[in-house]
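The following explanation concerns a predicted model.

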Amino acid sequence: MKKSPNIIELKKVKKHYKMGDSIVRAVDGVSIKIERGNFVSIMGPSGSGKSTTMNLVGSLDIPTEGSIYLDNIDIATLSESRLAQIRGRKIGFIFQSFNLVPNMTAKENVMMPMIFQEIEESERKKRAEELLRLVELADRMDYLPRQLSGGQQQRVAIARSLANDPEVILADEPTGNLDTKTGEVVMDFLRTLNKQGKTIIMVTHEPELAEEYSNKIYWMKDGKIEKITSKSGNTWKVSGK
Amino acid sequence: MIKDYVSMSARNVRKRGIRSWLTMIGIFIGIAAVVSLISLGDGLQNAITGQFDTLDPNKLTVTNVETGFGPPGSTAVQKLTKHDLELIEDIGGVRLAVARLIRVVEVEYNDVSRFRYVTNIPEEQEDIDLVYDSLNVKPAQGSLLDRRDKGQIVLGNSFIEEDSFGREIRVGKRINVGGESFQVKGILEKAGSFQINSVIFMQEEDLKRVLDIDDEIDLIVVEVEDQNELDAVAERIREKIRDDRNLDVGEDDFSVQTPQQTLETINIILDTINIVVGAIAGISLLVGGIGIANTMYTSVLERTKEIGVMKAVGAKDEDILILFLIESAALGFVGGVVGAIIGLGLAFVAALGVNFIFPALNFGVSFSFPLVAAAIIFSLVIGGLSGIVPAYRASKLKPVEALRA
């Protein structure tokens with residue numbers, strides 16, 4: 001099968017929730033194409049539907065309407081278990097609150113996604129150590145999350161997201177819980193990964209952050225895409241709606 | 001991969017520390033009860049049947065029984081008397097019938113007073129021999145009583161083995177029994193039955209005088225001519241006494257027991273003990289299982305976010321299910337191991353205690369590896385079963401919702 005240029009594609013996706021008697025249209029007809037190797041941001045204030053969109057992009061949730069293709073596979077047709085397997089292989093997650101397992105060391109946290117892909121223990125160890133060296137935590141491998149600073153925890157999370165060598169890294173407000181300086185360190189890691197060929201999708205409410213690091217920004221408001229801007233050279237142009 | 005799940009689960013059990021131990025208490029108690037009971041069971045059976053090792057295949061016993069029916073007063077026990085003894089002696093197939101008295105009496109020696117069993121030796125030498133023979137007693141010191149030995153007694157072995165009176169008892173010493181002074185003529189060899197070890201033999205005449213007994217018999221030992229006729233003779237005795245007392249079948253206020261029946265009675269007692277302890281163990285294991293289920297529910301709630309993360313990084317529903325099942329099975333397993341150790345410990349302590357109080361019993365503990373293994377596997381299964389519902393719930397959590405927790 002020929003590889004599609006788009007790693008993830010959302011087609012007229014709607015996600016509606018029932019809340020009491022009313023229906024919340026969290027995502028209301030969103031179409032997004034994410035090209036392989038790009039660094040994309042989904043921007044918007046809280047309540048704009050960007051988090052729901054991220055969950056859909058990350059195949060953590062399935063849409064009420066429309067279709068989502070992850071590497072050309074319609075995720076709505078998959079069982080949760082099958083989806084988990086594909087997700088574990090193709091997407092790495094970085095969360096705002098790091099979400100490390102508290103009673104596992106840094107190394108064990110990085111090894112965990114590989115357990116679910118049934119990778120041998122020796123291989124898991126080797127790879128986890130490599131990844132932690134990459135995020136410059138070689139001397140913190142056997143520390144528990146609570147023994148690490150926020151920035152260090154987020155770097156462990158980056159290493160974890162790379163465990164199964166995914167094509168896409170999905171970062172949900174990756175600097176949201178960090179001060180500016182440590183935030184920059186984390187963002188620089190993401191930029192490096194992008195240069196090495198990873199597709200990065202970042203959700204943020206900070207326009208400066210989105211404009212500094214990404215090449216394409218989806219601006220969301222009220223569950224819809226308000227505009228799409230792309231970087232050409234050093235300027236941003238509206239490239240669609 | 002199961003190895004990884006086991007180590008992840010073990011980590012979670014360990015992390016909860018004291019809560020994990022508290023969760024397992026029900027399992028401890030249940031398994032400890034089962035293991036200790038079964039380990040003691042053989043010893044118990046041997047000890048109890050040892051009390052009856054005097055059971056001869058050619059002897060019957062006739063005893064008094066309270067009927068317990070009808071208004072107060074009307075059930076007054078009709079005691080066996082010399083008249084009944086004479087009736088039995090005349091029945092066909094009966095070779096010998098001997099009247100026995102077994103009472104508890106106060107014994108005083110060296111200003112120390114204790115309560116001990118006392119029993120008569122009959123008046124005829126032939127009857128005396130039957131008693132000695134059926135109880136299988138032999139003198140360790142001195143000699144046994146014969147029909148001429150008025151004012152003398154023979155003591156069970158525990159009188160010299162246990163220092164209950166603070167001063168050594170020897171043949172020839174005088175001991176106060178029920179207010180009268182008796183001379184010790186002999187001391188018996190150690191027997192398997194603690195009743196015989198703590199018994200005092202004396203002349204029937206002496207016993208009746210000391211305890212102020214009139215024409216009363218506690219039990220009649222009947223020796224039959226032909227062992228194969230045992231049941232038939234037993235039935236004839238029943239009919240004869242019923243006839244004499246004007247009773248219908250079912251109204252018996254006496255009981256004729258064959259050795260077989262005596263063994264059955266013992267087994268009923270043992271079975272009852274087993275059922276009661278089994279029920280306690282069962283309830284305890286049920287409670288233990290509920291405790292594990294409860295802990296697992298709490299654990300799922302507390303770790304919802306963690307479950308969400310695991311799912312995000314690729315854990316399938318089955319992975320989560322297995323993880324939580326292993327965790328609850330691990331609780332059962334550890335509970336079973338600790339319970340089995342406690343149970344065996346209890347059994348040994350109980351055996352030590354029994355042997356300390358009744359050294360004559362030679363009470364033993366039987367260690368059975370299959371039993372311990374079965375108990376541990378059983379508790380592991382209980383743990384696993386208790387975890388099914390919480391684990392299923394954990395596995396079905398939606399990743400988005402779990403992450404939001």
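**A helix pair and a set of strands**

In chain A, helix α3(A) passes helix α5(A) in a right-handed crossing. The residues that make this contact are Ala106(A), Asn109(A), Val110(A) and Pro113(A) on the side of α3(A), and Val156(A), Ala159(A) and Arg160(A) on the side of α5(A).

Helix α3 of chain A spans residues 106-115 and helix α5 of chain A spans residues 150-161; their axes come within 8 Å and cross at roughly 30 degrees. Angles under 35 degrees count as roughly parallel, and α3(A) and α5(A) are therefore roughly parallel to each other.

Attention now turns to the strands of chain B. Strand β3 (residues 102-109) of chain B pairs with strand β7 (residues 174-177) of chain B in the antiparallel sense, over two bridges. Within β7(B), Asn176(B) is the residue that Glu108(B) stands opposite.

Strand β7(B) is also joined to strand β8 (residues 180-188) of chain B; the two run antiparallel and are connected by four bridges. Here Ile175(B) stands opposite Phe182(B) in β8(B).

Taken together, β7(B) pairs with β3(B) over two bridges and is joined to β8(B) by four.

How values were computed
Residues numbered from 1 in each chain as written. Chains lettered and ligands numbered in written order. Predicted model: local features only at pLDDT ≥ 70, side-chain atom pairs only at ≥ 80, totals over all residues. Pairing = 2+ DSSP bridges. Axes fitted to C-alpha atoms, helices over the stretch in contact; angles between N-to-C directions. Parallel < 35°, antiparallel > 145°, perpendicular 65-115°, else oblique. Left-handed = near helix turned anticlockwise from the far one by under 90°. Contact = placed C-beta atoms within 7 Å.
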